[in-house]
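Subject: the structure I promised you

Hi,

Here is the structure for you to open and turn around on your screen. Have a look first, then read on for what turned up in it.

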Amino acid sequence: MKAVVFHGKQKGLKVEDIRKPAPGADQALVKVAACGVCHTDLHYIEHGVPTFKPPPIVLGHEASGTIEEVGENVSRVSKGDRVLIPAVLTCGKCSACRLGRENICADMTMLGNHFDGAYAEYVAVPAKDLLHLPESIPLEEASIIADALSTPYHAVKNRARVQPGDTVAVFGCGGVGINAVQLATAAGGYVIAVDINERKLDWAVEFGAAKTINASKVERVDKEIKKLTGGGADIAIEVIGNPKTIVQALESVRVGGRLCIVGYTQEAISIIAGKIMFKELEIIGSLGCRPVDYIPLIRMIEQGLIDLKKLVTHRFSLDQLDKAFDVMKEGLSLRSIVIP
Ligand SMILES: [Zn+2]
Ligand SMILES: [Zn+2]
C-alpha cells in the first residue's frame, strides 16, 4: 500500500510502497478516507520532538475511514462501517482510566506516534476504540473530529467549563484554536479571539468570535481584553504553547478567573505566585479528550451546531503531504486533510 514514511529529521518524509498491515485478533483494518494534517506532526518532522516508535514511522493521527477487515475477536464493528479513529487510544485499566479520565491514561498510545499512523491507505487499530460515524456526517471531513475538534471540546466543556454568558479569550486561532472559538461560542460564551494573523482572525469571526485582537498591533493584549470585558475575561484558553502567550493569557483574566492551557511547550513560564493566591486564579491543563466526549461532539455536528465542512480549507493527496505542511507554516490553512 502507499504511505508517507517519516525517516527522521535529516531524511524527512518519503512516499513509499509498504506492506499493508494485517489486523490482530482485537483489531480492525481501516481503509483511510482522510487524515487531518496537524501541527503536532510538524513538531516530529522539524522541531526534534521524538516519536515513541523511532523512525521509520508512518505519521498521521486524525483519521476517518471504512472498515476493511476485522480480527477474529471483533464483533462490535464490521466490514463497511464508517468510523472515526480517536487520535489517542487508552488502556481502560489504569487508575486514570478507571476514574473516567482516560485522556490522561498512564498507558495511552497515539496513532502516528507509538505505532504507524494514517498518512497511508490503510491503518490497523484496536477495534474497541473506534467510533461509528452517522451517514449525515461527510466521511472525509469527519477525520478532523479526531483531534482538531475533540481537543478543544474537552478543553471548553470539561476543563475551562465555559457557561452561557462567560467572556472567553482564546489565544491562537489555528486548527485547534478556531474550534475553541466555535465550541466556546456554541456553549454560550462571548468570545474574544487573539492571533497575529489577520486571516485567522477573520476566520474566528466566521466561527463566532464577538471580538478580535491582533496581538501584533496592540501594545498589551491583556489591557485590550480588560477594556473589552470591563476588568478581565472570565476564562482564557491558550492554544499556542508559547510561554509568553500563556503568561499574557493569565494576565488577561479577571479576579477569580481561569486559565486553561491547551498549547504544548517544553519551556518554563514565569508567573507571580501571589497573584494567583490573591486573585484566586485557576490554572488548568487540558489534554486531548476522553472517549466519552466523542459522542456528544458527534451529536453537535449532526445537529449543525458545529460547522465541519468550512473547517477543511485544503485537500491533498499523499504525494502532496509536504505541501500541506508548507500551507500550514504560511498560515494559509485552517485544516488540511490528506486523502490517500
Ligand atoms: Zn493533532
Ligand atoms: Zn489507562
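Let's start with helix α7, where K223 and K227 are exposed on one side. Helices (H or I, at least four residues) and strands (E, at least two) are DSSP runs, numbered from the N terminus.

Before going further, a word on what you are looking at: this is a predicted model, in which local features need pLDDT of at least 70 and side-chain atom pairs count only at pLDDT 80 or more, while totals for chains, interfaces and linings use all residues. Residues are numbered from 1 along each chain as its sequence is written, and chains are lettered from A and ligands numbered from 1 in the order in which they are written.

Back to α7 (residues 221-229): its buried residues are V221, E224, I225 and T229. They sit on the same side of α7 because they cover an arc of only 120° around the axis (the arc is that of the directions from the helix axis to the C-beta atoms). What do these buried residues pack against? Their partners are β11 (167-171), β12 (190-195), β13 (211-214), β14 (233-238) and α8 (243-251). After α7 comes G230, with a positive phi near 70°.

Now the domains. The assignment gives domain 1 (2-147 + 289-338) and domain 2 (152-285); such bounds come from an automatic or database domain assignment. Their C-alpha centres are 27 Å apart. Where they meet, 13 residues of domain 1 are in contact with 11 residues of domain 2, contact meaning C-beta atoms, placed from the backbone, within 7 Å.

The largest nonpolar core has 104 residues, and I85, Y119, V170, V181 and I237 touch the most other members. A nonpolar core is a set of buried Ala, Val, Leu, Ile, Met, Phe, Trp, Tyr and Cys residues joined through C-beta atoms within 7 Å. Strand β3 (residues 27-37) gives the most to this core, with 8 residues. Why does the core lie between the domains? Domain 1 and domain 2 both give residues to it. Take V170 as an example: beyond its neighbours within four places in sequence, its contacts include V181, V191 and I237.

I67 counts as buried because it has 20 C-beta neighbours inside 10 Å. V77 is 10 residues from I67 in sequence and 7.9 Å from it in space, C-alpha to C-alpha. Leaving out residues up to four places away in sequence, I67 touches A28, V30 and V77, among others.

Last, look for an open sheet of 3 strands in the order β2-β1-β4, with antiparallel pairing. Strands pair if DSSP finds at least two bridges between them. β2 (13-17) and β4 (57-58) are at the edges with a single partner strand each, so one side of each has no neighbour in the sheet. β1 (residues 2-6) pairs with β4 over 2 bridges, with F6 opposite I57 and V5 partnered by V58. With β2, β1 has 5 bridges, and V4 stands opposite V15 there. The hairpin of β1 and β2 has 6 residues between the strands, and G8 in that turn has a positive phi of about 100°. In β1, 4 of its 5 residues are buried.

Enjoy exploring!

Methods. Buried ≥ 20, exposed ≤ 12 C-beta atoms within 10 Å, placed from the backbone. Contact = placed C-beta atoms within 7 Å.
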